[in-house]
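Here are my notes on the structure you asked about. Keep the model open as you read, and find each element when it is named.

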Amino acid sequence: MGYSAELTLWNTANRFLHNMMEFYESTGYIYFEENTTATTEQLRSVYLRWCRDNVEKPLAEKTFTRVIKKDADRLGIRYDKNLNIGGGKRARGYHGIHVMVRTDDVRK
C-alpha cells in the first residue's frame with residue numbers, strides 16, 4: 001500500500017514540522033498492508049531505531065503517539081486500543097502497518 005497523489009500537499013507541509021514523514025516513507029523499517037498489525041510500542045521502538053540510524057532527533061513519546069494517531073486516516077491505518085497480540089494479551093496499536101525489524105533490542 002503506497003501513498004496516493006492527494007497526500008502530496010499534506011506531506012510537504014508536515015515535513016517541516018517533524019521527521020515522521022521521512023519515517024513513514026523509509027525503507028526497511030515499516031510497511032503498510034492490509035491484514036497486518038503493529039503495537040504502538042513496536043512502532044515507537046522502530047521509530048527510535050530509524051532516528052538512530054538516520055541521525056534524527058526523535059519526537060517525545062507522547063508527541064510520537066499523538067502524531068501517528070492524527071496521521072492514521074491519511075496513512076490508511078486504523079488505531080485499536082485492544083489489539084490482540086496473542087496469548088490472550090491485548091495492547092494499543094494499529095491495523096494496516098507492519099514492523100519489519102526486531103524491536104526488542106532498541107533502547108527506549
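1. Start with the surface. The accessible surface of the protein comes to about 6,900 Å². Carbon and sulfur atoms account for 49% of that surface. Keep in mind that this is a predicted model.

2. Now the inside. The protein has 108 residues, and 41% of them are buried. Look also at how contacts span the sequence. Take the contacts between residues at least 6 apart in sequence: 61% of these join residues at least 24 apart.

3. Next, the parts list. There are 4 helices and 3 strands.

4. Check the pairing of strand 1 with strand 3. These two run antiparallel and share 6 bridges. Thr 37 sits opposite His 95 of strand 3. Tyr 31 has His 98 of strand 3 as its bridge partner.

5. Then turn to strand 2 and strand 3. They also pair in the antiparallel sense, over 6 bridges. Arg 78 has His 95 of strand 3 as its bridge partner. Gly 86 stands opposite Lys 89 in strand 3. The two strands form a hairpin, with 2 residues between them. In that turn, Gly 87 has a positive phi of about 65°.

6. Helix 3 deserves a close look. It covers residues 40-53, which makes 14 residues. From its first C-alpha to its last it reaches 20 Å, close to the 20 Å expected at 1.5 Å a residue. Just after helix 3 comes Val 55, with a positive phi of about 50°.

7. Is helix 3 mostly covered or mostly open? It is mostly covered, with 10 of its 14 residues buried. The buried residues include Leu 43, Val 46, Leu 48 and Trp 50.

8. What lies inside? The largest nonpolar core has 23 residues. Those with the most contacts inside it are Met 20, Phe 23, Tyr 24, Ile 30 and Leu 43. Helix 2, strand 1, helix 3, helix 4 and strand 3 each give two or more residues to this core. As background, nonpolar side chains in soluble globular proteins tend to be buried together.

9. What does Phe 23 touch, not counting residues up to four places away in sequence? The list is Tyr 29, Ile 30, Leu 43, Val 46, Tyr 47 and Trp 50.

10. Finish with Ala 72. It lies in helix 4, residues 61-75. Is Ala 72 buried or exposed? Its relative accessible area is 5%, and the cut-off for buried is under 20%, so Ala 72 counts as buried. Leaving aside neighbours within four places in sequence, Ala 72 is in contact with Ile 77 and Tyr 94. Now compare Ile 97, which is 25 residues from Ala 72 along the chain. The C-alpha atoms of Ala 72 and Ile 97 are separated by 10.0 Å.

How values were computed: Residues numbered from 1 in each chain as written. Predicted model: local features only at pLDDT ≥ 70, side-chain atom pairs only at ≥ 80, totals over all residues. Heavy atoms only, no water. Buried < 20%, exposed > 50% of the residue type's maximum accessible area, 1.4 Å probe, protein only. Contact = heavy atoms within 4.5 Å. Areas by Shrake-Rupley, 256 points an atom, 1.4 Å probe, with all protein chains shown as cover. Expected span 1.5 Å × (residues − 1). Pairing = 2+ DSSP bridges. Core = buried A, V, L, I, M, F, W, Y, C linked by side-chain atoms within 4.5 Å.
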